[in-house]
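Here is a short walk through one structure.

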Amino acid sequence: MNKLLWCLLILGVGLLLPSDALAAPGIQALTVTTNPDGTQDYTMTLQVLAIMTALSLLPAFIMMMTSFTRIIVVLSILRQAIGLQQSPSNQILIGVSLFLSFFIMAPVFEKINEQALQPYLEEQITSIQAYELAKAPLKAFMLSQTRLKDLETFVDISGNSGKIQEPEDVPMNVLIPAFVTSELKTAFQIGFMLFIPFLILDLVVASVLMAMGMMMLSPMIVSLPFKLMLFVMVDGWNLIFGTLVNSFGM
């Protein structure tokens, strides 16, 4: 967990700070200026402000630059398809999505730890070198999950279509929204396939109730136990988690 936070912090600071700030040998946290009248003024440097901003944006980095988005959207659609409003709760869905993301992203973070984090902590490389080395494995993962059409759309919007020849040349500020767009599309495709069997079961139950003249009874209330039974009988959680993990090419 600590390695993950360090890796994402390096990437976050790299996205917020300019290259010359990262290349500086050290970051002076506080500057004290003595006035002629003997009073003192305290000034916080912009680098420290950027680091604090990166810490506040750390949850966004976890959600938008990893497999978290696809997983949480699919699980939310699954809960809606079954007809459960509050079970599993949002906290459980987020927790499951978070730890599944750690499992899926483990090879990527291991490469970042070996290539960038450990050499940086041992002072073998500078912060700008650590950022460039840490960016490469994560960028490769995001490119492997991003559709070329989405990538081209954001490259055209950024106005860099003439400067970029290969997908590997796409900067992170263009790759991240393209990656999120692709993840949402993939999540909706998986969610659509999950919705179909439960929708068919709802239609069957509604038809039976209408044939029996029980129009005042909600079909969703009657079909809910059957949908839960169907989901348990086919070992639904195992299938869902396995499908999500395999959808990332693992």
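What follows takes two helix pairs in turn.

The model is predicted. Begin with helix H5, residues 68-82, and helix H9, residues 172-211. Their axes come within 9 Å. They cross at roughly 20 degrees. Angles under 35 degrees count as roughly parallel, so H5 and H9 are roughly parallel to each other. The crossing of H5 past H9 is right-handed.

Which residues of H5 and H9 meet? On the H5 side they are Thr69, Arg70, Val73, Val74, Ile77, Leu78, Gln80, Ala81 and Ile82. On the H9 side they are Glu183, Leu184, Thr186, Ala187, Phe188, Ile190, Gly191, Leu194, Phe195 and Phe198. Sorted by class, this contact has 13 nonpolar, 4 polar and 2 charged residues.

Now follow H9 to its contact with helix H10, residues 219-233. The axes of H9 and H10 also come within 9 Å. Here the crossing angle is roughly 135 degrees. Angles over 145 degrees would count as roughly antiparallel, and 65 to 115 as roughly perpendicular. H9 is therefore oblique to H10. H9 passes H10 in a right-handed crossing.

H9 brings Phe198, Leu201, Asp202, Val205, Ala206 and Leu209 to this contact. H10 brings Pro219, Val222, Ser223, Phe226, Lys227, Leu230 and Phe231. By class, the contact of H9 with H10 has 10 nonpolar, 1 polar and 2 charged residues.

One residue links the two contacts. Phe198 of H9 takes part in the meeting with H5 and in the contact with H10.

Definitions and conventions: Residues numbered from 1 in each chain as written. Predicted model: local features only at pLDDT ≥ 70, side-chain atom pairs only at ≥ 80, totals over all residues. Heavy atoms only, no water. Axes fitted to C-alpha atoms, helices over the stretch in contact; angles between N-to-C directions. Helix = DSSP H or I, 4+ residues; strand = E, 2+ residues; numbered from the N terminus. Left-handed = near helix turned anticlockwise from the far one by under 90°. Contact = heavy atoms within 4.5 Å. Nonpolar A, V, L, I, M, F, W, Y, C, P; charged D, E, K, R; others polar.
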